[in-house]
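Here is a short tour of one protein model. Keep the structure open and find each part as it comes up.

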Amino acid sequence: MEIKELKQEYFQAPTKSSRSNCGVVGVYNNPEAAIMTYYGLHALQHRGQEAAGIVTSEYLKEKDKYRFNIHKGHGLVLSVFQNEKLLTEHLKGNAAIGHNRYSTTGSSDKRNNIQPFKVTYKDGNLALAHNGNLTNSNSLRKKLQDDGTIFQTSTDTEIILHLIARSKQQNIVDKLLEVFRQIRGSYSVCILMDDVLIAARDPWGVRPFAMGKLGDSYIFASETTTFDILNADYVRDVQPGELIIIDKEVLRTGKEKSYLIHEPDKYKHCIFEYIYFSRPDSQIFGEKVDKVRRKIGAHLALEHPPPDKDNPDDDDEKKVIVINVPDSSNTATLGYFNECVKRTKNLKHEYGLIRSHYVGRTFIQPGQDIRQMKVKTKFNIVKGVLTGRKVVIVDDSIVRGTTIKLLVDLIKKALPKEIHLRITSPPIISPCYYGMDFPSKEELIANQYHQNVEEIRKALGVDSLEYLSVDALLDSVPYSNPKTDYCTACFTCDYPIPLETIDESDKSKFDD
Ligand code: SF4
């Protein structure tokens, strides 16, 4: 594999004011485990751009023992691992785990909080990478501290590490089952022990987690795009409530060891993964994201079609145009448009917004607005497409409303006839406690205007605003298993996993 071939355009800063959660990768039985993990993280860069890290397990023949090698740092995968020797000389070993971070618990600027976490304990080396959020972390942390545990980080992930290290159970399986049966919340976790790779997923299956194979090598990843970049085969999902162990015996038998943590009555997948978080080229929760996202767009078109021309029979009047907010609403916009054109010929899909993928730091002059500069450096308008037209903007969600308001203002500079906003999700009215960094309830635009869509429309300065309904959203997603169901808490306040650790102050670190 040639690291230098990577292109910068892969690395996209998030366009939304919601921050996505994290990405995890695990590789077992491959001499290029670190390089594979690096590429795997690269394919999951959209899930976290704040920091990245890799831990490898290297067998030292002369000492007949394992050494864990680690490298992690702030920034994108490309910059954290820009020195090629890190992967080829430092991160040696046949097994590795990696992590892309976007902080949902713990301070984002502390190096200690960057995963994977690595410790040495009585049974050897242990490293862990976690995507999700624990909801009983306060009580677990207090119990551990009362028992004398000293924490190195402010994350909930470290709790899992301590619980494993302190377990009195004699074998790995009993240890892990004991630990995962104590924790609540969302977790897709990769654990590396000396010569064992472990994958565990919470019983609700909130975040996606999949298993793949490349020859005799096993791979775990948050999304299946990792397998594509590695030319590996997607085998199956890590099931909700499943603990999978890959060790040398598994290599001999060819069958992964699978254990049940807990079987819930219903799975509660994060429906927002289909709306926005996951890449459209991934397959999650039993279906391709692209397919589901198009269906979501189509359902929005059925509920809230675009306006017609002023005079539908006038061939000289220009068609209404539908534009996407690149890149997050590209696929849903296609679904919306394709459904609309089944009913009208007075509609055209256009690219009215162009996005730069090379946005770094934003510098401002006194008096300038930093958010405005961020949006201006990221997006520009195609005036010729927009001027004098009725424009329908399709976007996937509105969180605080800051970005979409700035985009609307930008589009107005092209002097369109009208602007109509169509959102492929319901109004966001409540924070996420399962691994997504939404702002506090008060900062959400839907709550600022008391969930009054007309008031939000006026605040955004558009001619019409329509959201997808919760029912239509639930009709758009697949139910591939009798237990399949979805978390919709950020739209409905109906939290499926008990919350013990809500701390609104944790939510104030949001930066649009
Ligand atoms: S609250 Fe929203 S973002 Fe969080 S898991 Fe539920 S659906 Fe996903």
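This is a predicted model: local features need pLDDT of at least 70, side-chain atom pairs count only at pLDDT 80 or more; totals for chains, interfaces and linings use all residues.

Begin with D327, which sits in the loop between strand 17 (320–324) and helix 11 (330–340). The peptide bond from P326 to D327 is cis, and its omega is near -5 degrees. P116 lies in the loop between strand 4 (95–101) and strand 5.

Why point these out? Most peptide bonds are trans, and most residues other than glycine have a negative phi.

## Positive phi angles

H450 is not a glycine, yet its phi is positive, about 55 degrees. Find H450 in the loop between helix 15 (445–448) and helix 16 (453–460). H450 counts as exposed because its relative accessibility is 72%, and the cut-off for exposed is over 50%.

C493 also has a positive phi without being glycine; the value is near 65 degrees. C493 belongs to the segment after helix 18 (489–492). Its relative accessibility is 32%, so C493 counts as partly exposed.

## Helix 5 and its surroundings

Now turn to helix 5 (residues 157–166). This helix is mostly covered, with eight of its ten residues buried. The buried ones are T157, E158, I159, I160, L161, H162, L163 and I164.

What do the buried residues of helix 5 pack against? Their partners are strand 5 (117–121), strand 6 (124–134), helix 4 (137–146), helix 6 and strand 7 (185–193). Two of these partners are helices, helix 4 and helix 6. Take each in turn.

## Helix 5 with helix 6

Two packed helices are described by the angle between their axes and the distance between the axes. Helix 5 and helix 6 (residues 172–180) pack at about 140 degrees, and their axes are 9 Å apart. That angle makes helix 5 oblique to helix 6. Their crossing is right-handed.

Helix 5 brings I160, L163 and I164 to the contact, while helix 6 brings K175, L176, V179 and F180. Sorted by class, this contact has six nonpolar residues, one charged residue and no polar ones.

## Helix 4 with helix 5

From helix 4, the contact uses S137, L140, R141 and L144. From helix 5, the contact uses I159, H162, L163 and R166. By class, there are four nonpolar, two polar and two charged residues.

## Helix 10: a length check

Helix 10 covers residues 289–303, which is 15 residues.

## A loop residue: D64

Finish with D64, in the loop between strand 2 (51–60) and strand 3 (65–74). Is D64 buried or exposed? With a relative accessible area of 56%, D64 is exposed.

D64 can also be placed against K255, 191 residues apart along the chain. Their C-alpha atoms are separated by 27 Å.

Technical notes
Residues are numbered from 1 along each chain as its sequence is written. Side-chain values use heavy atoms; hydrogens and water are left out. Helices (H or I, at least four residues) and strands (E, at least two) are DSSP runs, numbered from the N terminus. The expected span of a helix is 1.5 Å times one less than its number of residues. Axes are lines fitted to C-alpha atoms, for helices over the stretch in contact, and angles run from 0 to 180 degrees between N-to-C directions. Angles under 35 degrees count as roughly parallel, over 145 as roughly antiparallel, 65 to 115 as roughly perpendicular and the rest as oblique. A crossing is left-handed if the near helix is turned anticlockwise from the far one by less than a right angle, and right-handed if clockwise. Contact means heavy atoms within 4.5 Å. Ala, Val, Leu, Ile, Met, Phe, Trp, Tyr, Cys and Pro count as nonpolar, Asp, Glu, Lys and Arg as charged, and the others, Gly among them, as polar. Buried means under 20% relative accessible area, exposed over 50%, partly exposed in between (1.4 Å probe, protein chains only).
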